[in-house]
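Hi,

Here is the structure I promised to send over. Have a look at it first, and then read on for what turned up.

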Amino acid sequence: MRGHESSVFSISVHASGRYAITTSSDTAQLWDLDTFQRKRKLNILQSVGIQKVFFLPLSNTILSCFKDNSIFAWECDTLFCKYQLPPPPESSSILYKVFAVTRDGRILAAGGKSNHLHLWCLEAKQLFRIIQMPTKVRAIRYLEFLPDSFDAGSNQPPPPLVKVIEDLPKSKLTSGDLKMKVTSGRVQRPAKSREKQIQTRILKQDLTGHFENKENELSDGLNKKRLQILLKGYGEYPTKYRMFIWRSLLQLPENHTAFSSLIDKGIHVAFLNLQKKYPIKSRKLLRVLQRTLSALAHWSAIFSDTPYLPLLAFPFVKLFQNNQLICFEVVATLIINWCQHWFEYFPNPPINILSMIENVLAFHDKELLQHYRDHDITSQVYAWPLLETVFSEVLTREEWLKLFDNVFSNHPSFLLLTVVAYNICSRAPLLNCSLKDDFEYFFHHRNNLDISAVIREVYHLMDTTPADIHPDNMLDVFVALTKGQYPVFNQYPKFIVDYQTQERERIRNDELDYLRERQTVENMQAEVDQQRVEDEAWYQKQELLRKAEETRREMLLQEEEKMIQQRQRLAAVKRELKAKEMHLQEAARRRFLKLQQDQREMELRRLEDEIERKVHMRDQEMATAVKDLEMRHLELESQKRLYEKNLTRNQETAAKEMREDADAYRRKVNLEEHTFHRLIETDQTQNQKTQKLIEENLAKAEQACLNTDWRIQALHKQRCDDLQRNECYQEMAKLLRKNRRKEIEVLNAMMEKEAKTWEEAEEKDFRLKSEKKASALSDASRQWFLEKEINDALEHTEGPRSQYEQVASSCLPRTSPGSDVSEVDASTWISLNQRKTQWDTMEQDLLDRVRNLRQRLTARARHSCRTPHLLAT
């Protein structure tokens, strides 16, 4: 079963047949047998196993026994723990394995791997006796209370009546003070010490006097008068005790042997095809109905021909489907007592019973009866449908149970008066009916009627109906089924039933003869057919092969069509899913866009606040920068004046050095010219004119080259200085456009540039000194050459000296050294004036650029402040 992880070793069914408990080593489950659904599940720890869980007889209590010897009692409906039995004494502690309970549920016997047997009184909730079996008994495997005449039906457990199954032991337990030794027919109680002699006594039957209770009588708390008082007060019996009360009221004997003999006869022939006439969905319910009807047919032959018997028995079968014995005995009791005289006019309806109902209706409601007669409605229409279905077609389950609580608690005439009361309580809709179909429909379907009002009307009819027409005088009192064997039921026209049985048997025999003849003819026909089949077998095989091939081809085509259709459906489903996915993506995109828009709005608001803060800070920084620029302007003015002063001083020093160099160069040239004139004078006289011209041109060219080189060097130096200053001024202008944090870098750059300039000046000075040294060397070599030539010339002649002096004087430059110095000084002063003018111009341009930069920054800040407001609007 579902819910059990191990095998089920115990199943216990409630006395009403509605509930069952299945037990395994790991869990126990309570099942509702009407719906076959699990109601509750008992979960336990793995360390504590379950020995047994079962219902107490004739009680609504569940007893659960565990492997640690703990025993709990639970209420079946609420599963509330009623009590727990105390642990057994340590001197006689055994592990319980088997259990047995008396029929009245008052005494519990428990045993295990020991020769001790514990008897518990469940009313007092205590251990009242320990029984010691003979020494050869080592373990108890099974316990059962055997019914006997002296126990008054309570199955009291005197020791001689305990059935013990022996088994080899694994452990041996000692006995305690409450032990009783069982010998053949006698119970012995040992002494407390080993030295004393063991005394024995015979258990008397009056020990069970506390638990006497006759099986066929109601208990003290369930007598009929008290139940009738309870029924009149509440209108119905409690649901959880109803089945128990019904069994007590009907005094069911529970003849298991007799019922088993009826069941063993199998399904009756009359009910083999019951499902065709009564199609019931539940196969279990159908089987139970077949068995119950078959048992009734085997009990009395008339029930095999009774057409309304399934309608009569069906509500009881549905109610007691889990206990077929109780179901059979309830239906049999109903037929014997509440269906008296029903079968006297068989196979016709019970005219006598219907006449009783009609007489009572005529006395209490003549108008309604006259209405029936006017429309040709007989008692077979307004009374017999209610009786043959025992009101199951016109009442709900709860209403039907409530009605039969009263039916089973009163005289059998109560059922007939119920038919009259049902008609009287429904007189308003019935008086409005005029068609026979309407009347038939009314008595075969449920109607809007209060069953409590009907029951009150029945009691009123029982009290007010005259004795001459009262059904009590025609019907016998309640008679219960006999115990052991069921009574003989022959209250029907036996000759009619026998005749029908004989006719049925004759028809069955004729049918068997017909079947035998038909079988013979069929056998002959089969032989002929077989011969013909053998002749045509080959052609049929070929035809079958061809048809099989066509069939396979058609099947393949059909499968291909199905596959195409499935692919089309799959494509349609994919398109639908894609469309749904696109819709979902579109919805998600919209939500994301909305979220993005909200985030951007928040970001814009944050940026607005940040811009306002930065504009405010920038205004403050601008004001500070303006002040810093003004201070810087003053510093630059002072630095410019200091720089002009240093520049003028440097220019004067450079001019002085240049004049000194020019004077030294002029003296050197004069000396060289004088030496050269001396050399020329020693030349031959024959080439004086040509030599003079050549020398003059050479002297001019040399002088022009010298002048040009000097001027080129001066101009190149000026251009380098101008380029350096321009670069310096540009860097200064760029650095001034930056904020004041870059001023240190500007000063460092200026210092680096100044250092580079000084390095270049030093390099040029070093180059000048090198050139001076080279010039001195060349002068010395040239002087040595000239002196050598002069000496050589003096040796040859002294005549040409005058000519040489004339040539030397003619080769001197026309311009004087003083004019050259004045030209250099003039160009130097011109360059200084130009630099001063350029410096003033660059300074003014730098101030204009700073003002323009401030204006642009202010305009940009104002524009950025206005832009967020425009976006917000």
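Let's begin with a pair of strands: strand 9, residues 96-101, runs antiparallel to strand 10, and five bridges link the two. Please keep in mind that this is a predicted model. One of the contacts puts Tyr 96 against its bridge partner Gly 112 in strand 10. Strand 9 and strand 10 make a hairpin with five residues between them, and in that turn Gly 105 has a positive phi of about 75 degrees.

On to the next neighbour of strand 10. Strand 11 (residues 116-121) is antiparallel to strand 10 and is also joined by five bridges, with Leu 119 of strand 11 standing opposite Ala 109. Here too there is a hairpin, with three residues between strand 10 and strand 11.

How many of the six residues of strand 10 are buried? Six of the six in 107-112 are, so strand 10 is largely enclosed by the rest of the structure. In a regular strand, side chains alternate between the two faces of the sheet. Both faces of strand 10 are covered, with Ile 107, Ala 109 and Gly 111 buried on one side and Leu 108, Ala 110 and Gly 112 buried on the other.

Now for the surface. Lys 614, Arg 618, Lys 734, Arg 737, Lys 738, Arg 856 and Arg 860 form a positive patch there. Helix 18 (537-681), helix 19 (688-737) and helix 22 (817-872) each contribute at least two of the patch residues. Arg 860 belongs to helix 22, and it counts as exposed because its relative accessibility is 56%, over the 50% cut-off.

How values were computed. Residues are numbered from 1 along each chain as its sequence is written. This is a predicted model: local features need pLDDT of at least 70, side-chain atom pairs count only at pLDDT 80 or more; totals for chains, interfaces and linings use all residues. Side-chain values use heavy atoms; hydrogens and water are left out. Patches are made of residues with over 30% relative accessible area and no salt bridge: like charges are joined within 9 Å, nonpolar side chains (Val, Leu, Ile, Met, Phe, Trp, Tyr) within 5 Å. Accessible areas come from the Shrake-Rupley method with a 1.4 Å probe; for residues, only the protein chains shown count as cover. A salt bridge is a side-chain nitrogen of Lys or Arg within 4 Å of a carboxyl oxygen of Asp or Glu. Lys and Arg count as positive and Asp and Glu as negative; His and the chain ends are not counted. The place of a charge is taken as NZ of Lys, CZ of Arg, CG of Asp or CD of Glu. Helices (H or I, at least four residues) and strands (E, at least two) are DSSP runs, numbered from the N terminus. Buried means under 20% relative accessible area, exposed over 50%, partly exposed in between (1.4 Å probe, protein chains only). Two strands pair if DSSP finds at least two bridges between them.
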